[in-house]
Amino acid sequence: MELTKDQRDMLDGKYGEGAALALKVQVGIGECFDAPRMVPITNSHVALSNQEADLWFAEKMVKLGARTKVPPTVNPGFCLPYFKGRGMVTDEDAEHMRRTHEAYKALGCRLTYNCTPYMDTNIPFPNEIIAFSESSATPYVNSVWGARTNRESAQSALCASITGAVPEYGLLLDENRKGNILVEVKAKMEDNFSYNLLGYMGKKIGPGIPVFVGLGNYVSPEAHRNLGAELNTSGAYGMYHVVGVTPEAPTLEAAFGGKKPERVVVITDDDLARVLETEISDPGGRGIDFALFGCPHTSLNEVSHIARLVKGRHLSVPLWIMTSSLTKSSAEKMGLLDTIRAAGGEIVEDTCSDQPCWHLYKGKVGVTDSPKCAYYPRKRGLEFVIRDLETCIEAALKGEVE
Ligand code: F3S
């Protein structure tokens, strides 16, 4: 790779050992992809996970004196004061979260603890070169906002935040942003939940950049969020196009860059029903112990909707909504938090479903509307029946799911 004098100085340690290591990692990645050079970024998001390897790398960077030149927003861990204050995490887990907080604070990150920054706190411009990690975030910023990022890992996005640059390859280049798979959606896409199921069709869609047709001319922010999150739970996708909706796909021809699709995939109602029953949901028709929403983080619209559904009623099982502190604070000002708490539910900020704070539900059965919400906690021994949001809320009110 051709580096500028300043970048060579960085590699040689002029800006400290941390910056030198970060750039070394990125040059290694760039060489793997034949990137000719590094290009500056103006925005980033780090999918902090509060897990061993994540903390090891962040603390290593702190010890080496690194500081972020482009301060990133960060993913959630768990809300330490909330879960520690209620004795819901072990001292060891609490200490781990405290160290994660301190490490990312020392690196100068924006401690938003939210996995949907593209909805409010970190919205890039079209064509802006950025470094975003997180499964729903990368496709959203590429596809919906028309910004340019590769599928960064938490660590490579942190390195980019430290050096202020990324290797130029992949989705940063015009020619790699064209679709190659035509996805004809014949299923009825009635609500945001349908997009969770459509996203989970990654195995059928196969690798590449899907171009969706048949979704109408409006796809809600939550539907885009769900589509990207689940495409990256069932597969690996950096971007997609929706013809007539996303900015780089005003027409089918533009979406494919004038080329013919390499393959055509048709998605029907039967496909969505089959994936729900055979791949993502544990069996229904039984009692449940809890309801969990917000993987990816719940939007303010969804919090309002849940509040309307539970208003004046009493939940039979605990209902948890994970969201950003910004959304929680707005919900509080709007009286939604009071309504949800009066029904027996709770909104927790800064918290992810894949965290030790949910250990209390090990061996228990929950409901959620998100396949991704079930995917990771299942590895921790939690079971999930997946249904649309309204069915989940009814289940939480009754204590059983159909
Ligand atoms: Fe967000 Fe954690 Fe789910 S980062 S998407 S709540 S696994």
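Predicted model: local features only at pLDDT ≥ 70, side-chain atom pairs only at ≥ 80, totals over all residues.
**Stop 1: the ligand**

Start by selecting the ligand, which sits in the largest pocket. Next, show the residues around the ligand: N75, P76, C115, E134, G294, C295, P296, C352, S353, K372 and Y376. If you colour this shell by class, you will find six nonpolar, three polar and two charged residues. Which domains supply at least three residues each to the shell? They are domain 1 (5-172) and domain 3 (281-401).

**Stop 2: a cis peptide bond**

Stay with the shell and pick out C295 and P296, both of which are among the residues around the ligand. The peptide bond from C295 to P296 is cis, with omega near -5°. P296 belongs to the loop between β11 and α13 (300-310).

**Stop 3: aromatic rings**

Now display the aromatic side chains. A pair of aromatic rings is described by the distance of the centres and the angle of the planes. There are 14 aromatic pairs in the structure. Select Y140 and W145 to see one of them: the ring centres are 6.0 Å apart and the planes meet at 55°, so this pair is tilted. Y140 is buried because its relative accessibility is 4%, while W145, at 28%, counts as partly exposed.

Move on to F290 and F384. Here the ring centres are 5.5 Å apart and the planes are at 80°, so the pair is edge-to-face. F290 is in strand β11 (residues 290-293) and F384 is in strand β15 (residues 383-386), so the pair ties together parts that are 94 residues apart in sequence. Are these two residues buried or exposed? Both F290 and F384 are buried.

**Stop 4**

Select I41, in the loop between β1 (38-40) and β2 (44-46). I41 has a relative accessible area of 5%, so it is buried.

Then go to N127, in the loop between α5 (91-106) and β4 (131-132). N127 is not a glycine, yet its phi is positive, near 70°. With a relative accessible area of 47%, N127 is partly exposed.

Finish at D350, in the loop between β13 (345-349) and β14 (365-368). D350 also has a positive phi, about 65°, although it is not a glycine. D350 counts as buried, at 15% relative accessibility.

Notes: Residues numbered from 1 in each chain as written. Heavy atoms only, no water. Near = heavy atom within 4 Å. 1 Å grid on protein atoms, 1.4 Å probe; cavity = no way out; pocket = protein on both sides within 12 Å on 5 of 7 lines; lining within 4 Å. Sits in = over half its atoms within 2 Å of the grid points. Nonpolar A, V, L, I, M, F, W, Y, C, P; charged D, E, K, R; others polar. Domains from an automatic or database assignment. Phe/Tyr/Trp six-rings, centres within 6.5 Å; stacked < 30°, edge-to-face > 60°. Buried < 20%, exposed > 50% of the residue type's maximum accessible area, 1.4 Å probe, protein only. Helix = DSSP H or I, 4+ residues; strand = E, 2+ residues; numbered from the N terminus.
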